[in-house]
Structures are given as structure tokens and as C-alpha cells.
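Subject: Structure handover

Hello,

Here is the structure you are taking over.

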Amino acid sequence: LTHYILIIIFLYSHQVPTFGSGVVQPFKDSAFYVRSNCPFTLTHFTHNRVECDITTRRGNSGLLVQVEIIINKVRTVLQNGSILVEDKSVSFPYDPTYQHIFQYSIYTKLRSTLLPLSVTWHSVVELEQELSTDMTGLCGKYNVTGVCEQFFSYTLGCLQSSWFHYFHLCHKNIYGYENSKHIGCAFFKEIALHCGKSSNVWEKWRSVTQCAQPTCPGALLYEEEGAAFVPTCSNPNPHFSSQDITSSCVCPEGEHCQIFPRV
């Protein structure tokens, strides 16, 4: 089954991500944790008489199984890897008049032309079978003993007074979902990105948590922070802003890559 490990709402130059098994970072105030498989409203607002409503629902795995985005009464649903607009399946790039859906590095993004709003998501395929406790490799049980303690030992400098708050969120996020690598890794990645390249945790977090890098197609190389749009032979200098620096699959330095459409 395809689930979603990260949803980021970008609105009025602010980000509201939800990740892991229920961590939410609001526009203001500290991040908080909600554990529920009921639908709940992530945001609802009206701007220039255009109404927006975004709701999410998590499954028993803790990961998001459905995201509903309604802008100006047009309903877009993300579910099981499909994108449905007004109950019709669409593929990207999807470019009607009022909203654009397109590949955004390792993510997919919906950008509204009516609102100062974009929604970015990352989908993963989750194994449905019950995991054996003696299974090894990437599909084996995620050993979380001490992983929060080890990870957060490198974040004191960047989190400072927020350290205890995020440390407790780590335990809440993982508790009960020890078999899911996606739950823990999504949380650790967001903290590492928050701390940034100059922090102690930046170079260490993947080895400490055993979170593997995403795989990239062909000759592309993964970067935690890279350009969202890859130079190609037909477009060697794609336009992007500082907001388009994200986790990315990039060309080897000095090369242009041939990008093949996903199937």
C-alpha cells in the first residue's frame, strides 16, 4: 500500500508540516503530537473570498492514508498513490487553470494560482504483512532502543531550550510503531533539516538512526539539500528560487541528465 510520510503546507511564506505518526508543526508555537485514525482538519481559511480546506487521515500504521485538499470547491484527494481531482484520476504534470500538480524533486507538489498556497507530499510503499521479529535487513524490525537518546545527543546546540520538547515528541512519535522505519526516519529527518548543515547532527543522523537515503533513478545522486529541478540537455539552467532547495536527486557535478518520465 502507498502511504504518505510527509505533508507540507506552504502558506503566506510559512510552512506547516505534518510527519511521522502524527507530529504537527503549526504556523506559530511549538510542534505537537496527535495520535488518531480519524479525519482531522489540518487547515481551513478564506483568502480573497476563496475558501480552502485541507483534511488528513492516518491509518493503523500511523502513516497518512488520505489527504483531501479543497480549493475554491475543487476537491483533490491523495489516496493509495493516486491523485484524484473531482473523482477523476490525473497524472502529473497536471496544469489546469487554477492549480498545478508536478514532480518536485523526490516530492510531488500542488500549487494554487488562486491562493498563496502550495502543498508538498512524499509517498512511500509500506509492506502490509506483519513483520517477523527475527527478520533482518531494511525490512526487519526497527530497533528503537536508545535511538531517540542517541539522535538527540547531537542536537543540544541547535534545539537549545526546545530540546526536551522534541525529545519527548520523539518517543511519542515512535511508540507503538517500532516496526515502521518510515515513522522514525521522517521525524529524524525533519529535525536534522531544522538544525541545518552547520549543526553537529547533520552528518551523523543517518548513521545513528540507520535511516537509509532515498534511492535515485539512473545516474542521479541524492542530496539532503539540492535543487528541486534538475538541469537537462533541453533545459540546462532551470529557474528556481531559494524556496526550491529541498531534498533532491541531482546530476553529478558538471553534467546534465536525461530525465525519463515516471511510469
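What follows is a short account of the findings, grouped by region.

First, the ground rules. This is a predicted model, where local features need pLDDT of at least 70, side-chain atom pairs count only at pLDDT 80 or more, and totals for chains, interfaces and linings use all residues. Residues are numbered from 1 along each chain as its sequence is written, and side-chain values use heavy atoms, with hydrogens and water left out.

**Overview**

The chain has five helices and 15 strands. Both are DSSP runs, numbered from the N terminus: helices are H or I with at least four residues, strands are E with at least two. Of the 263 residues in the chain, 46% are buried. Buried means under 20% relative accessible area, exposed means over 50%, and partly exposed is in between, with a 1.4 Å probe and protein chains only. Take the contacts with a separation of 6 or more: 49% of them come from residues 24 or more positions apart. A contact here means heavy atoms within 4.5 Å.

**Helix H3**

H3 covers residues 163–174. Its twelve residues reach 17 Å from first C-alpha to last, close to the 16 Å expected at 1.5 Å a residue. The expected span is 1.5 Å times one less than the number of residues. Its buried residues are Trp-163, Tyr-166, Phe-167, Leu-169, Cys-170, Asn-173 and Ile-174. Seen down the axis, the buried residues of H3 fall within an arc of 160°, so they line one face of the helix. The arc is taken over the directions from the helix axis to the C-beta atoms. As background, an α-helix has 3.6 residues a turn, so residues three or four places apart point the same way. The buried residues of H3 pack against strands E2 (14–19), E3 (23–24) and E4 (32–33), and against helices H1, H2 (156–159) and H4 (181–195). After H3 comes Gly-176, with a positive phi near 90°.

**Helix H4**

H4 has 15 residues and reaches 21 Å from first C-alpha to last, close to the expected 21 Å. Eleven of the 15 residues are buried, so H4 is largely enclosed by the rest of the structure. Among them are Ile-183, Cys-185, Lys-189, Glu-190 and Cys-195. His-194 also belongs to H4. Is His-194 buried or exposed? His-194 counts as exposed, at 54% relative accessibility. Just after H4, Gly-196 takes a positive phi of about 90°.

**Aromatic rings**

The whole structure holds ten aromatic pairs. Rings of Phe, Tyr and Trp (its six-membered ring) pair if their centres lie within 6.5 Å; planes under 30 degrees apart count as stacked, over 60 as edge-to-face and the rest as tilted. Phe-152 and Trp-163 form an edge-to-face pair, 6.2 Å centre to centre with 90° between the planes. This pair links distant parts of the chain: Phe-152 is in H1 (residues 147–152), Trp-163 is in H3, and they are eleven residues apart. Phe-152 is buried at 0% relative accessibility, and Trp-163 is buried at 14%. Phe-187 and Phe-188 are also edge-to-face, at 5.9 Å and 75°. Both of these residues are buried. One aromatic cluster takes in Phe-19, Phe-151, Phe-152, Trp-163, Phe-164, Phe-167, Phe-187 and Phe-188.

**Hairpins**

Strands E11 (residues 99–104) and E12 pair antiparallel over six bridges. Strands pair if DSSP finds at least two bridges between them. Tyr-104 stands opposite Tyr-107 in E12. Two residues lie between the strands, and Ser-105 takes a positive phi near 60°. E12 (residues 107–112) is mostly covered, with five of its six residues buried. The charged end of Lys-109 sits over the ring of Tyr-104, 3.9 Å from its centre. That call needs NZ of Lys or CZ of Arg within 6 Å of the ring centre and within 35 degrees of the ring normal.

E5 (residues 40–47) and E6 (residues 50–58) run antiparallel, joined by seven bridges. His-47 has Val-50 in E6 as its bridge partner. This hairpin has two residues between the strands, and Asn-48 takes a positive phi near 50°.

Best wishes
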